[in-house]
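Subject: Handing over a structure, with notes on its sheets

Hello,

Here is the structure I promised to pass on to you. Please have it open while you read the notes below.

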Amino acid sequence: MRLTTHQLSLNAGTRTLIDALDLALEPGEVLGILGANGAGKSTLLTVLAGLARPAQGQVLLDGQPVADLPPLTRAQHIGLLPQGDEGGFFGSVADFVALGHFPFDGSPDLAPHLATWELTDLADRPLATLSGGERQRARLAQLAVQQPRIALLDEPLTHLDPAHQARLLAWARSEADAGRCVVLTLHDPNWAACHCDRLLFLYGDGRWRLGTPAELLTPASLEALYGPGTASLWRQSERSQPV
Amino acid sequence: MAGALPADRELAQQILAELRAPRVAAAFACGGLLALAGVLMQTLFRNPLAEPYLLGVSGGAGLLALLGMAAGLAWPWISLLAFAGSLLALGLAAALGGRMLARDHTPLLLAGVMLAAGFGALIALVLSVAPAERLPGMLFFLMGDLAWTGNAPLLLAALGLAVAAALSLSRRLDVLQLSPLKAASLGVAVAPTRWTLFGLAGACTALVVAQAGSIGFVGLMVPHALRKLGFNGHRVLLPAAALAGGSLLVLADALARTVIEPRELPVGVLTALLGVPMMLWLLRRP
């Protein structure tokens with residue numbers, strides 16, 4: 001299952017965010033998207049998921065325009081983790097995680113996913129009583145229940161402690177090893193260097209760059225991406241080889 | 001009634017069959033429809049404070065019904081006017097605020113709340129200039145009153161249909177509690193489902209308001225209380241709300257008819273008097 005974009009352009013009002021992006025997501029890869037606030041990272045994920053129309057160009061899933069797929073079919077292949085907004089959910093953690101199974105028939109086996117994200121003991125608690133990090137784990141577990149071939153995650157590291165960041169990495173790598181594709185937005189170049197196969201830089205003015213961490217990550221390139229004074233974000237260049 | 005004459009017993013049976021039973025049935029159906037509409041509105045707006053009258057339905061119904069009463073029209077016309085007023089309010093809310101419903105429900109909410117405020121002011125205006133002898137009838141309508149409700153079979157059938165329709169949406173309603181973007185990513189067609197919810201909740205409410213005025217509190221409290229008691233999935237919440245809302249209104253109406261016999265109180269007063277302490281007690285539970 002391949003997700004590709006063809007000459008994809010995104011706007012915010014009259015401003016061009018991304019111009020003529022050609023991207024082919026390979027099964028088995030973890031792609032990291034980096035860019036300043038407002039550069040179009042979340043918008044790009046929404047368009048890749050087929051939930052918003054681009055200004056120009058197309059997103060294709062195995063050659064078919066993704067925005068034209070029936071909603072359920074699309075949800076059986078593409079999963080999206082938007083940034084958190086669970087204000088309207090009144091049920092338990094287990095109820096919440098189980099919603100990831102909505103595109104499919106039958107009832108889901110939640111136990112392994114609850115265990116992976118260390119939610120087993122929290123399963124019966126109302127979601128609203130969880131801490132920010134626990135809630136983020138519940139959202140990741142919900143996405144894992146959906147088991148999308150292409151998982152699009154918007155700042156999944158938010159609120160996670162280092163141990164659970166490592167767990168997210170292990171999950172993303174195991175998804176990729178199973179032939180699925182994980183796309184995530186993030187702000188930490190060191191994390192990106194260690195754990196992503198390819199990176200996409202979004203400059204927020206139409207320009208973009210696609211390449212391996214070794215190709216893209218240098219102090220100078222980070223200053224070009226984030227602005228002056230940000231080169232110190234990138235201190236350990238020897239880490240640029242995946243561990 | 002040990003020594004009752006056959007004629008008395010016949011009369012008693014006649015009262016039971018022709019007056020009491022239809023009124024109890026109508027009360028049950030109205031309460032069920034209001035509680036069901038409350039669940040749907042709370043899911044549509046992702047907010048536990050949403051309730052059936054949020055978008056000005058009771059205001060629109062009240063305004064036209066009161067204008068009818070001020071003009072001296074009789075009951076079936078008042079009922080039709082109230083129904084038309086409900087639809088007018090819903091139509092205005094949808095036209096003014098419904099454009100973004102796939103992504104954001106706030107414009108619809110704001111349009112509805114503004115309409116409700118506007119209708120409220122117009123109702124106050126009608127009340128202040130209406131002939132004094134018509135005021136009690138107007139007030140009873142505004143507070144909700146089952147005394148005129150003549151169409152129990154219609155209401156019961158509507159309740160059955162509405163529960164069935166809502167149940168057929170129950171899995172989608174569970175997902176709609178998430179953000180619109182997340183719900184869409186899971187395969188729910190957000191805008192059509194939200195419009196269906198809006199229409200179903202609006203139809204339930206309009207029907208009740210046309211038959212019994214604006215009975216308050218049932219649609220807000222019953223869904224909230226049931227959630228507090230652990231009914232969360234819509235597959236159980238929807239039928240539970242219909243049952244609990246119906247039962248609450250039957251109880252409230254029985255009290256409204258009897259506490260200061262032979263006079264009747266508007267049933268809306270009783271739903272609040274019963275509901276407020278119940279809700280406060282539930283809120284104190286851990």
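First, some terms: two strands pair if DSSP finds at least two bridges between them. Helices (H or I, at least four residues) and strands (E, at least two) are DSSP runs, numbered from the N terminus.

This is a predicted model, in which local features need pLDDT of at least 70 and side-chain atom pairs count only at pLDDT 80 or more, while totals for chains, interfaces and linings use all residues. Residues are numbered from 1 along each chain as its sequence is written, and chains are lettered from A and ligands numbered from 1 in the order in which they are written.

Let me begin with the antiparallel sheet. In chain A, four strands form an open sheet in the order S2-S1-S4-S5, with antiparallel pairing. Its edge strands are S2 (15–25) and S5, each of which pairs on one side only. S1(A) and S2(A) are joined by 7 bridges in the antiparallel sense, and A:Leu3 has A:Leu25 in S2(A) as its bridge partner. Helix H1 (residues 41–48) of chain A packs on this sheet and touches S1, S2 and S4 of chain A, its direction making about 135 degrees with that of S1(A). (Axes are lines fitted to C-alpha atoms, for helices over the stretch in contact, and angles run from 0 to 180 degrees between N-to-C directions; two residues are in contact if their C-beta atoms, placed from the backbone, lie within 7 Å.)

On to S4 (residues 56–61) of chain A, which runs antiparallel to S1 (residues 3–12) of chain A, with 5 bridges between them. There, A:His6 stands opposite A:Gln58 in S4(A). S4(A) also runs antiparallel to S5 (residues 64–65) of chain A, through 2 bridges, and A:Leu61 has A:Gln64 in S5(A) as its bridge partner. The hairpin of S4(A) and S5(A) has 2 residues between the strands, and A:Asp62 in it takes a positive phi near 50 degrees.

Now the mixed sheet. This open sheet of 6 strands in chain A has the order S6-S7-S8-S3-S9-S10, with mixed pairing. S6 (78–81) and S10 (208–211) of chain A stand at the edges with a single partner strand each, so one side of each has no neighbour in the sheet. Neighbouring strands here are turned by 15 degrees against each other on average, direction ignored. S3 (residues 30–35) and S8 (residues 181–185) of chain A run parallel, joined by 4 bridges, with A:Val30 opposite A:Val182 in S8(A). Finally, helix H5 (residues 132–146) of chain A lies across S6 and S7 (150–153) of chain A, running at about 175 degrees to S6(A).

Enjoy exploring!

Best wishes
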